[in-house]
Amino acid sequence: MEYLVTMTTHVPDGTPDQAIADIRAREAVHSAELAAQGHLLRLWRPPLQLGDWRTLGLFAAADGDRLTEVLASMPLRVWRTDEITPLSPHPNDPDPADPATLPPAAGEQAAEFLVTFTLVVPPGTAAQAVQDAKACEAGSAHDLAGRGHLVRLWTLPGAGRALSLWQARDPAQLQAILKSLPLAPWMTVDTTPLSPHPSDPGIIRPKVTAPTGTP
């Protein structure tokens, strides 16, 4: 099972700077250990207001109980609250073992984005039309994965909801990509731009690139 965890840290007033530095250092070390164990897959920083201390993490665990143990083992948990979203497999999730889904070898450094989709089919739409649109969407997802834009896709709790991880040159390119999706007329979209996290396990992998052209 994979999980998206929103981790919000509130440092108690009066905590010495050295104590904060020490616990952050221990958190970084333990994050690397969790990554080596296959529990911590990615870490990002979402947009933050002044004074916010919030991180998004992609975790893997056998079940919710095991995830709770993993999160409780992290040093910053003493000051942190976690919001857990279970992620289920999506039929259009790119297969990392498929050479066609590998990122392109050249291009600009890509920014990353989390995108939540909510699909609402208009009442009265013919079943065949829905089936055809979903088939086109699957083909588009495969193409966008092959071009290095669509990285991951999961099903969220709730009808018609999905979470996806994307790469694009900038927000404008991402929006053009999302508008090109076959199901776009029936979907509402919520986009979260992501910033690098210093303990992200993904930073040890080769730099990921995205095409410079339009989608």
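1. A residue is called buried here when its relative accessible area is under 20%. Leu183 comes in at 7% relative accessibility, so it counts as buried. Keep in mind that this is a predicted model.

2. Where does Leu183 sit? You'll find Leu183 in the loop between H4 and E9. Setting aside neighbours within four places in sequence, Leu183 touches Leu119, Ala133, Lys134 and Glu137. Take Leu119: 64 residues separate this residue from Leu183 along the chain, yet their C-alpha atoms are 7.9 Å apart.

3. Now for helix H3, which covers residues 127-146. H3 has 20 residues, and the stretch from its first C-alpha to its last is 29 Å, close to the 28 Å expected at 1.5 Å a residue.

4. Which residues of H3 are buried? They are Val130, Ala133, Glu137, Ser140, Ala141, Leu144 and Ala145. Looking down the axis of H3, these buried residues fall within an arc of 130 degrees, so they line one face of the helix. Two of them, Ala133 and Glu137, are also on the contact list of Leu183.

5. What do the buried residues of H3 pack against? Their partners are strand E7 (150-155), strand E8 (161-168), helix H4 (171-179) and strand E9 (187-196). On the face of H3 turned away from this buried side, look for Gln131 and Ala135, which are exposed.

6. One more thing to check by eye: after H3 comes Gly148, with a positive phi near 85 degrees.

Notes. Residues are numbered from 1 along each chain as its sequence is written. This is a predicted model: local features need pLDDT of at least 70, side-chain atom pairs count only at pLDDT 80 or more; totals for chains, interfaces and linings use all residues. Side-chain values use heavy atoms; hydrogens and water are left out. Helices (H or I, at least four residues) and strands (E, at least two) are DSSP runs, numbered from the N terminus. The expected span of a helix is 1.5 Å times one less than its number of residues. Buried means under 20% relative accessible area, exposed over 50%, partly exposed in between (1.4 Å probe, protein chains only). The arc is that of the directions from the helix axis to the C-beta atoms. Contact means heavy atoms within 4.5 Å.
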